[in-house]
Amino acid sequence: MRTSLYPAVDELERRARTLVRTAPGLLRLSSVGQSRAGRPLWLLSAGHGDRHILAVAGAHANEPVGGASVLRLAALFTRRPRLLDTLGCTWHFLLCLDPDGAHLAHGWQPEQPEPSLTECHRYFYRPAFARQPESLPVPPGRPLPESAALVRLLDELRPVAQFTLHGIEFGGAFVMMTREVPGVADAFRATAARLRLPVDRDPVDGPDWRLDPPGVLVLPDGHGEGERDPSGYVAESTWLHPRRHGTLTTLIETPAWAVPSVSDARPVTDPAREAARLGEVLLGRTRELAAVLGTRLDTAVPEELAPLRDAARELLDVAPSIVAGWAAEEPGRFHGHFASRGISARRIPLRVAAMASRALARTDPRAVEVLDDLVREWSQELEKTYHLRWVPVAAQTGLHVRTMLSTARLVCGGG
């Protein structure tokens, strides 16, 4: 029997209610807002301490592992409630920040015993930047209702720590912190080593954050609130919003498929040549996609599939800016740097092909056939080039849970 490895968004609520019934004095479930489509945003709370910690799952539609992680930690608290007493905190779990996106990304549900990268991307969805609820528009505009709900929650709780739980499709583990806390980086690396997860020496994310290699990014002092995405969208972030309350925000990224080469510290003989080669991988594949798609995304997409169209189009449009950004970076000198960017150069067109195929499924079967062939071809090339290794979900959630607990102990002073 093939079973899903991650809980679907509707299953999160059911499993949370089951946990509450097993520990009614410890756990409680409440709604803290609604999504754009009217779906509730569920908050599971554990304990009764004076200080508060918030863990946010499901911020990106294609990253369901966070939901599995928060349920795992909540279940641990039902068995070991003294963990909360030691920390002196109430721990809150936002089960899924983007339930609408999660419903549209229902295909990103690897199945055991042999998860298929190709099949996962048949129904892939990751929203365009402006539809990602961890982003707050700048200049001040009307935020998404999910974003507004999270900001209200942060202002109400004023948590000592906010964890945002992410899951990259393939690559290595890393963390991003809005300030440095002694011991957190070492504890994270030790956890990754115990779980046999490669640590990304130089992540693509956070190019203007301070790198503490391997795998740790720290927000520099004086960093401004606004950040410009390659799409041109300028946003504040719900990661940065609670700094006014003294909150530490820690983003934890865990891979579904591990790529050992992102940890490779060996020097590269000709960095300029390698950078040019990777830029051509991304630009060449986006040109191939543009030739297949033509004007189809403008004329042949039903309105209910517009989120898929918009996300695919945005990635196509920003590819040149991404390559230019890589060229402007300080030249990488080791294999891990180029492995991370090589993965990104392949991931972007793979996502475009997958989402464009879904957007055109009802109106252009011939284009869909070509796009599906590209999804299969590029997935297989990724697996072969980077020797992808499936990471058991227990290890994926283990990185989230152990990093949260170790960080909380360091922030709260618990044993």
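Helices, of at least four residues, and strands, of at least two, are DSSP runs numbered from the N terminus. The structure is a predicted model. The points below are grouped by topic.

**Annotated region**
- An unreviewed UniProt entry lists residues 16–106 as "domain: Peptidase M14".

**Packing of two helices**
- Two packed helices are described by the angle between their axes and the distance between the axes.
- Helix H11 spans residues 335–359 and helix H12 spans residues 365–386; their axes come within 8 Å and cross at roughly 160°.
- Angles over 145 degrees count as roughly antiparallel, and H11 and H12 are therefore roughly antiparallel to each other.
- The crossing of H11 and H12 is left-handed.
- Residues of H11 that meet H12 include Ala-339, Ile-343, Arg-346 and Leu-350; among those of H12 that meet H11 are Val-368, Asp-372, Trp-378 and Tyr-386.
- By class, the contact of H11 with H12 comprises 13 nonpolar, four polar and three charged residues.

**Aromatic pairs**
- Six aromatic pairs are found in a search of the whole structure.
- In the pair of Phe-77 and Phe-93, the ring centres are 6.3 Å apart and the planes lie at 40°, so the pair is tilted.
- Phe-77 belongs to helix H2 (residues 65–79) and Phe-93 to strand E4 (residues 89–94), so this pair ties together parts that are 16 residues apart in sequence.

Note on methods: Residues are numbered from 1 along each chain as its sequence is written. This is a predicted model: local features need pLDDT of at least 70, side-chain atom pairs count only at pLDDT 80 or more; totals for chains, interfaces and linings use all residues. Side-chain values use heavy atoms; hydrogens and water are left out. UniProt positions are given in the numbering used here, feature names are shortened, and annotations may be inferred rather than shown by experiment. Axes are lines fitted to C-alpha atoms, for helices over the stretch in contact, and angles run from 0 to 180 degrees between N-to-C directions. Angles under 35 degrees count as roughly parallel, over 145 as roughly antiparallel, 65 to 115 as roughly perpendicular and the rest as oblique. A crossing is left-handed if the near helix is turned anticlockwise from the far one by less than a right angle, and right-handed if clockwise. Contact means heavy atoms within 4.5 Å. Ala, Val, Leu, Ile, Met, Phe, Trp, Tyr, Cys and Pro count as nonpolar, Asp, Glu, Lys and Arg as charged, and the others, Gly among them, as polar. Rings of Phe, Tyr and Trp (its six-membered ring) pair if their centres lie within 6.5 Å; planes under 30 degrees apart count as stacked, over 60 as edge-to-face and the rest as tilted.
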